Amino acid sequence: MEILSTNAALKAVIMDVAEVAGHIWVKGWGERNGGNITVRLTEFATPEWASMPALSDPIAIGCELPHLKGHYFYAKGTQKRMRDLARDPMANGSVIRICDDCAHYEIIADSAVMPTSELPSHLMVQNYLLESGSRYKATLHTHPIQLVAMSHLPHFKDSETMTHTLWSMIPETLAFAPLGIGWVPYEVPGSLELAKATLAKIHDYDVAMWEKHGVFAVGQDIMDAFDQVDVLNKAADIYMCARNMDGEPEGLTDKDMKDVQDIFHLPTSRPC
Ligand SMILES: [Zn+2]
């Protein structure tokens, strides 16, 4: 039986994933099979999920993640396209169940679609979110053009400089991405090293910038994670437009930004 067919709340969450995948394709952030998504689904699990037969052998995560025990996730499939996921999320992703050893997972629905090669980063961050009691449930990796382009420029290779520049483009960047963007030096895609470096930045930021590659974002849901990236990439786009007009953009002043922080009581750490 298709897992969405009897669970309207679950279906709504998965259709949000499909909608975001469509946005990513239209924005040019998801070429071919680029980018990946996980969403924690445990709150939608019925007692039957625990006894659903595995559609795969147990697959090693690559590390032990003790807070994932008993949890379920939707994961985009490896080699699957965002544009295909947008019209058929269960043919281009799957629901996985974390095994009791917290070091393996099994695919349980709807078919044996192997999860993304970036699963270590996603699950390591999901483990941290559970450990810290966060309500955040979604993780997103994508290739936003302007942010990736910025990550090639030597003077942006630290969290503070990149965040300050992006915040200074329009007040909404600071208002809607108040934790900024954390810098992750280049690592091999799909590696545990990349996963560990990403996790270190997600402690303090909602979005991590993977040098010369893409971004990794967390959110309360997948729309929230997408919005974080969209807001920051818009600021990067404005920066590049201004540079193309033959000058360094002036940017909001430090006082302008402090006023936004104070008036809107912006958080300086993840609020939940
Ligand atoms: Zn990538």
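**Ground rules.** I am working with a predicted model, where local features need pLDDT of at least 70, side-chain atom pairs count only at pLDDT 80 or more, and totals for chains, interfaces and linings use all residues. Residues are numbered from 1 along each chain as its sequence is written.

**Entry 1, the whole protein.** Along the principal axes, the C-alpha atoms fill a box of roughly 60 × 35 × 35 Å.

**Entry 2, the sheet.** I traced an open sheet of 9 strands with mixed pairing, in the order β2-β5-β4-β3-β1-β6-β9-β8-β7. Strands pair here if DSSP finds at least two bridges between them. β2 (59-60) and β7 (181-184) are at the edges with a single partner strand each, so one side of each has no neighbour in the sheet. I then followed β7 to β8 (residues 207-210): the two run parallel and are joined by 4 bridges. Val184 is opposite Trp210 in β8.

α7 lies across β7, β8 and β9 (214-219), at about 155 degrees to β7. Helix α5 (residues 159-167) lies across β7 and β8, at about 145 degrees to β7. α7 (residues 192-202) also packs with α3 (residues 119-131) at about 35 degrees, axes 8 Å apart. Axes are lines fitted to C-alpha atoms, for helices over the stretch in contact, and angles run from 0 to 180 degrees between N-to-C directions. Which residues of α3 meet α7? I found Pro120, Ser121, Met124, Val125 and Tyr128, facing residues that include Leu194 and Leu199. Contact means C-beta atoms, placed from the backbone, within 7 Å.

Is Tyr205 buried or exposed? Tyr205 has 24 C-beta neighbours inside 10 Å, so it counts as buried; the cut-offs are 20 or more for buried, 12 or fewer for exposed, and partly exposed in between, again with C-beta atoms placed from the backbone. Leaving out residues up to four places away in sequence, Tyr205 touches Leu179, Gly180, Ile181 and Gly182.

Definitions and conventions:
Two residues are in contact if their C-beta atoms, placed from the backbone, lie within 7 Å.
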